[in-house]
Amino acid sequence: MDYSRPICALLALVVFYLSHLAQCTNAKINFREKEKQILDQILGPGRYDARIRPSGINGTDGPAVVNINLFVRSITTISDIKMVSNNKGDAPTFVHVNMFLRSISKIDDYKMEYSVQLTFREQWLDERLKFNNLGGRLKYLTLTEANRVWMPDLFFSNEKEGHFHNIIMPNVYIRIFPNGNVLYSIRISLTLSCPMNLKLYPLDKQTCSLRMASYGWTTDDLVFLWKEGDPVQVVKNLHLPRFTLEKFLTDYCNSKTNTGEYSCLKVDLLFKREFSYYLIQIYIPCCMLVIVSWVSFWLDQGAVPARVSLGVTTLLTMATQSSGINASLPPVSYTKAIDVWTGVCLTFVFGALLEFALVNYASRSDMHRENMKKTRREMEAAASMDAASDLLDTDSNTTFAMKPLVRGNNDKMRQCEIHMTPPKKNCCRIWMSKFPTRSKRIDVISRITFPLVFALFNLAYWSTYLFRDEEEQK
């Protein structure tokens, strides 16, 4: 049997497959080589100058200029952007901005600042960078050197500190699309200032802003716009230790100076402070200290060491708690909600200590009064004994003759007592009469007065600071 023909056909098929594979490999290599040629063509020396901003919309295109004028003015309502739309010059370069908030690490009340990590993106049109997309096979070109193309001079106006991320490679890229659109993306970490109003601390809400503006180009040359459709995105499950991000708003903040008007964008982040932490760490311990100071009202008035130790200990603990709270806050000139709470609690603890001083003084006064009464009774008893001995020396007949007169007077007095109405006594006086000494009465009154006044204070405090309109909390 002749196998030469099938073997020759198989060998021909293998040769055709290898040649086709080589052609595909050469095509790929040529395709990558084409990208290099395009980059050299559009960014080569003498062809592209990164110092010159991209041309805006040509003033000769009248209808297009009018439409974009209306578009810009409808968005930037803060300031009226004047566009140069005549034959002598170009319209400003429009840069669309969007960002992705990756994390918010901390919000510092003392320094009034917050730290954020974000992916920042800018997109604009540079017609000098147009290129052939090779029939749709080349979607975009990627660069990692930002100095190769023109960049907007954007800066963060409320920035305190900031740095780029360079691990493992610099987290930045530039994409150039065939129609000349440029996309710039970078990951940065910022520490931004956040002026706070702490009048309602820790029941407050704070609004922290992130402001971006042009440093050198005025609105005649450069305009920043928010990208349509979710210009600001926030990572899911954003966790903050003491705050909750309620919402965020995007707006424009164009500013006018002596050198011109500059385009500006801002993001307002509305943070609500988590109250559960402060309830457990501040409010409940303060309430417990105040209640412990009331224990002295139930101790015996003679237990001087116990009552003094309890009062001084609670007072010092409350003062330490108050100083620790103020150490974590800036020294502001107004009164905060936490200052009202700690101040009143400290007053109650100090009042309990003063109450014992008053009880001790009243106790010594009661003892002095009891000694005076005892001396008076002894003198009256001695006088009555002397009077009795004098009566024994008188005539017995005379004594018997006087008995009917004395009995008659007693009967008349009893009749008068029957006809007299007994005086009405107040229920409070009846209840207080159960405690004969003034010191004991002070303790009993304090047992009721201190908790009642503290409860009324809590009612007024929480109704004042919890049930407020949002406008008052800003």
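Predicted model: local features only at pLDDT ≥ 70, side-chain atom pairs only at ≥ 80, totals over all residues.
Residues are numbered from 1 along each chain as its sequence is written, and side-chain values use heavy atoms, with hydrogens and water left out.

The protein chain contains nine helices and 14 strands; these are DSSP runs numbered from the N terminus, with helices being H or I of at least four residues and strands being E of at least two. Of its 474 residues, 35% are buried, where buried means under 20% relative accessible area, exposed over 50%, and partly exposed in between (1.4 Å probe, protein chains only). The accessible surface of the chain is about 29,700 Å², and carbon and sulfur atoms hold 59% of that area; such areas come from the Shrake-Rupley method with a 1.4 Å probe, and for residues only the protein chains shown count as cover. Of the contacts (heavy atoms within 4.5 Å) between residues at least 6 apart in sequence, 77% join residues at least 24 apart.

An unreviewed UniProt entry places the feature "transmembrane region" at residues 275-298, 310-329, 341-363 and 444-462; the positions follow the numbering used here, feature names are shortened, and annotations may be inferred rather than shown by experiment. Residues 275-298 are 79% helix and 0% strand, with end C-alpha atoms 34 Å apart. Residues 341-363 are 100% helix and 0% strand, and there the end C-alpha atoms lie 33 Å apart.

Aromatic rings are considered next. Rings of Phe, Tyr and Trp (its six-membered ring) pair if their centres lie within 6.5 Å; planes under 30 degrees apart count as stacked, over 60 as edge-to-face and the rest as tilted. By this rule there are 25 aromatic pairs. One of them joins phenylalanine 457 and tyrosine 461 in a tilted arrangement, 5.7 Å centre to centre with 45 degrees between the planes. The two residues are separated by about one helical turn because they stand four residues apart in helix H8 (residues 438-465). Phenylalanine 457 is buried at 15% relative accessible area, and tyrosine 461 is buried at 2%. Both belong to one aromatic cluster, whose members include Phe275, Trp294, Trp341 and Phe450.

Charged groups also meet rings. A charge sits over a ring if NZ of Lys or CZ of Arg is within 6 Å of the ring centre and within 35 degrees of the ring normal. The charged end of arginine 447 sits over the ring of tryptophan 298 at 4.1 Å from its centre, and that of lysine 199 sits over the ring of tyrosine 334 at 5.8 Å.

Three residues complete the account. Methionine 318, in helix H4 (residues 304-327), is buried with a relative accessible area of 0%. Leaving out residues up to four places away in sequence, methionine 318 touches Cys286, Leu289, Thr342, Cys345 and Leu346. Aspartate 268 lies in strand S14 (residues 264-273) and counts as buried at 17% relative accessibility. Its side chain makes a polar contact with the side chain of serine 209 at 2.6 Å; a polar contact is a pair of N or O atoms within 3.5 Å, where within protein one must be able to donate a hydrogen and the other to accept it, and residues adjacent in sequence count only if both atoms are side-chain atoms. Lysine 139, in the loop between strand S2 (113-125) and strand S3 (141-143), is exposed at 63%.
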